[in-house]
Amino acid sequence: MTVVPRLVFSAPSSGHGKNALAIGLLAALRDRDLRVAGFKLGPDQVDAAYLGLASGRPGRSLDPRLVGADRLAPLLAHGAAGAELALVQGSMGLYDSVTGHPERDSTAAVATALRSPVVLVVDVAAMGQSAAALVHGFRSFDEQLWLGGVILTRVASSRHEAMLREALDDINVPVYGALRRQDLPPVLPSRRLGVLPAIGGSAEGERAVRRLGEAVAATVDLDRLLGLARSAPPLPTTAWSPQDVLGTPVAAATRPVVALAGAPGGSFSPPETAELLRAAGAEVITIDPLRDEALPAGTRALVVGGGLPEAYAEQLSANRKLCIAVAELARTGRPVIAEGAGLLWLARELDGLPMCGVLDAVGATRDGLVVGYREATAATESVVAAQGAVLVGHKEHRAVLTPRAGQRAAWTWSGGAPEGFVWRNVHASQLALHWAGYPEIATRLVTAALGEPAPEAVHADSDGVPA
């Protein structure tokens, strides 16, 4: 059993302000010297990064599709170790599911599985007493759901607030805060900038989090919310541990250096990636692909997670010294795993800008957004998976690559053409995986990093890739 005071923030739909409120609540409580931890339900690394910035510890994602429903509680306990509050920010509306299985992966289903009280964030700008009917419906829809109360946003006036509180009191739903329309301004940096304002030491990101914390501290009853969180029962689980899931590290005289792409405040991968790599026996060093001009001394492998934003093509291209170093690492047969925009970075060019040139492919940014889960089958034996292995990943990108796959593709899935590249010891794809769901990837990578490149890996091959 694990004791974790916790709350789940949700809303009737997207756009009610739950993201800003979740960030603000963590910042406000941290300002009171409480130890807090933030989690994002789903694959959204951007929201998770801002929750991490607000809490002062890594923000983490909880995604039943990517890690398995049975790992959610252990991962929560792991990420919230020592915290006085764990806050889970839901996705979309309370009962919504992008996969069509709300009974399994909606915010409501996860909150019930985690035995956590839900605080419903409701935009009441165009509502009066009907807000009570709305909340009553959400509470009654699932009798297993624990709706602990509401926070109201975009309240018009004191009179409006009094009307709403009276209506909600009639159905015995506590109101933990009421924010006026101007209290939650759109201060967060543009989402096209991805996680970098949160993990890159951006003054803009810091100011935004501080502003949201001040707004929440002034309008939300923090003590009552903490009381609700502390009423959550112990979780009948043991905290997830990278050492436990991997067992004995890969035997080696020295720990191989694995470069993990990121910035001073974190990486472009979920935090569990670095934890698993260390548990597997690696020395993990973060490298900033926008600013660092060389790989760490002795680098034997490189991981570029799916959180690398596509919007930084110019900066990635301008860092020619690092591009050359990455190309040399791949050419000599060292393992490289690149997800999302990391695949574009390894391509010959993106939007006419030269990239690393590891893969003979060209990227181009489009207007539409490709987003969704994929149940993918490994088309080729690689550092990531054995041929034929089935894994679930997530795609979210605007840029497309021509060709879509190399002669040895990374993945195949139902209804789609083969995708990604396996070349020498490189595995590159726009499909992003959560390694907590597939911890064996860390062992495979460290094993490959410790080995010597196969003799054929240092000669030109027939994949259509520059030697």
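## A buried salt bridge

Let's start inside this predicted model, where both E272 and R60 are buried. Their side chains meet in a salt bridge, with an N to O distance of 3.2 Å. E272 belongs to helix α13 (residues 271-280) and R60 to strand β3, so the pair ties together parts that lie 212 residues apart in sequence.

## The sheet around β3

Where does β3 sit in the sheet? The sheet is open and built from seven strands, in the order β3-β2-β4-β1-β5-β6-β7, with parallel pairing. Strands β3 (60-62) and β7 (175-180) stand at its edges; each has a single partner strand, so one side of each is left without a neighbour in the sheet. From one strand to the next, the twist averages 25°.

For a look at one pairing, take β1 (residues 6-10) and β5 (residues 118-123), which run parallel to each other and pair over three bridges. Here V8 has V118 of β5 as its bridge partner. Helix α1 (residues 18-31) lies across β1, β2 (36-41), β4 (85-89), β5, β6 (147-155) and β7, and it runs at about 165° to β4.

## Other salt bridges

The model has 18 salt bridges in total. One of them joins the side chains of D123 and R154, again with 3.2 Å from N to O. This pair links distant parts of the chain, with D123 in strand β5 and R154 in strand β6, 31 residues apart. How exposed are the two partners? D123 has a relative accessible area of 14%, so it counts as buried, while R154, with a relative accessible area of 40%, is partly exposed.

A further salt bridge brings together the side chains of E293 and K321, at 3.7 Å from N to O. E293 is partly exposed at 46% relative accessibility, and K321 is exposed, with a relative accessible area of 56%. There is also a network: K40, D44, D47 and R191 are joined by salt bridges that share partners.

Which backbone oxygen does the side chain of S55 reach? That of R57, at 3.2 Å.

Leaving aside residues up to four places away in sequence, S55 touches L26, R30, V36, A37 and G38. Among these contacts, L26 and R30 fall within the residue range of helix α1 (18-31), and V36, A37 and G38 fall within that of strand β2 (36-41).

## Aromatic residues

Finally, how many aromatic pairs are there? The count is two. Y95 and F138 form a stacked pair, with 5.9 Å centre to centre and 25° between the planes; the planes count as stacked because that angle is under 30 degrees. Y95 comes from the loop between β4 and α5 (102-105) and F138 from helix α7 (residues 130-141), so distant parts of the chain, 43 residues apart, are linked.

Both partners have their accessibility assigned: Y95 counts as buried at 17%, and F138 counts as buried at 15%.

Conventions: Residues are numbered from 1 along each chain as its sequence is written. This is a predicted model: local features need pLDDT of at least 70, side-chain atom pairs count only at pLDDT 80 or more; totals for chains, interfaces and linings use all residues. Side-chain values use heavy atoms; hydrogens and water are left out. Two strands pair if DSSP finds at least two bridges between them. Helices (H or I, at least four residues) and strands (E, at least two) are DSSP runs, numbered from the N terminus. Axes are lines fitted to C-alpha atoms, for helices over the stretch in contact, and angles run from 0 to 180 degrees between N-to-C directions. Contact means heavy atoms within 4.5 Å. A salt bridge is a side-chain nitrogen of Lys or Arg within 4 Å of a carboxyl oxygen of Asp or Glu. Buried means under 20% relative accessible area, exposed over 50%, partly exposed in between (1.4 Å probe, protein chains only). A polar contact is a pair of N or O atoms within 3.5 Å; within protein, one must be able to donate a hydrogen and the other to accept it, and residues adjacent in sequence count only if both atoms are side-chain atoms. Rings of Phe, Tyr and Trp (its six-membered ring) pair if their centres lie within 6.5 Å; planes under 30 degrees apart count as stacked, over 60 as edge-to-face and the rest as tilted.
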